[in-house]
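User: Could you go through this one with me, starting with the backbone and then moving on to the aromatic rings?

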Amino acid sequence: METISLDAFHANTSILLKEDFLKELRRKISRQDRLAIKQRSGILLNLNKILEISRKYNIEINEIERNILSYRTTRGRVTVKEPILPILVSPLFDMLIIHAIADGHCTKIEGRIPAFVYTQNKNEILDLCIKKIEKTFGKLEYHNNYFYKTKRLYFPSSISYVLYTHYGMKPEDFMEDNAK
């Protein structure tokens, strides 16, 4: 099956690396590059900078993927923990874009990456959608379970970006005014 690696993520994606991997990485790189990736406990690093450094020092992308604890877009609210990387383009992956097309739209908040919003009145089906996302991308960490009250599930922007770009679509194709 086809896979999607980190280099397909949006430039505004931030990652949290395992401490031991980060220490090893910092030993391999120049002082100038070390200054660019100061990570303190719980602070996310810019994915593009890490990918740039990995190319410069011939570090395989799958080595980075194995050492990511979590990711999210820089201004995003939802974190993907215990990420499944590389992402497998499976039937579940396909189902997520179908959910977005059939019962959702794309929302754009100024200064943020557009994200899918899935609308569903049945909590059981909302739960199934969340399980599909988690089975495909990793555990989602929402600040609260707002979706049972609002009947809307906001996909993390980082995940939305991977979904619509993989299928060659644009967020405008899913905007609320154009949806349904």
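Analyst: What follows is a short talk about backbone details and aromatic pairs.

Analyst: This is a predicted model, where local features need pLDDT of at least 70 and side-chain atom pairs count only at pLDDT 80 or more, while totals for chains, interfaces and linings use all residues. Residues are numbered from 1 along each chain as its sequence is written, and side-chain values use heavy atoms, with hydrogens and water left out.

User: OK, which residues does a cis peptide bond join?
Analyst: The cis peptide bond joins Leu85 and Pro86, with omega at about -5°. Pro86 lies in the loop between strand S5 (79-81) and strand S6 (87-88), where helices (H or I, at least four residues) and strands (E, at least two) are DSSP runs, numbered from the N terminus.

User: And what is the phi of Glu82?
Analyst: Glu82 has a positive phi of about 50°, although it is not a glycine, and Glu82 is found in the loop between S5 and S6.

User: Is Glu82 buried or exposed?
Analyst: Glu82 counts as exposed because its relative accessibility is 60%; the cut-offs are under 20% relative accessible area for buried, over 50% for exposed, and partly exposed in between, with a 1.4 Å probe and protein chains only.

User: Where is Lys151, and what is its phi?
Analyst: Lys151 is in the loop between helix H7 (147-150) and strand S10 (152-154). Lys151 is not a glycine either, and its phi is positive at about 65°, while its relative accessible area of 22% makes Lys151 partly exposed.

User: Switching to rings, how many aromatic pairs does a search of the whole structure find?
Analyst: The search finds 11 aromatic pairs, counting rings of Phe, Tyr and Trp (its six-membered ring) whose centres lie within 6.5 Å, with planes under 30 degrees apart called stacked, over 60 edge-to-face and the rest tilted. One of them is the tilted pair of Phe93 and Tyr167, at 5.9 Å centre to centre and 35° between the planes. That pair links distant parts of the chain, since Phe93 is in helix H5 (residues 91-103) and Tyr167 is in the segment after helix H8 (157-166), 74 residues apart.

User: How accessible are Phe93 and Tyr167?
Analyst: Phe93 counts as buried at 0% relative accessibility, whereas Tyr167 is partly exposed, with a relative accessible area of 29%.

User: What kind of aromatic pair do Tyr146 and Phe147 form?
Analyst: Tyr146 and Phe147 form an edge-to-face pair, with 5.0 Å centre to centre and 75° between the planes. Phe147 counts as buried, at 3% relative accessibility.

User: Which residues form one aromatic cluster?
Analyst: The cluster is made up of Tyr142, Tyr146, Phe147, Tyr148 and Tyr154.
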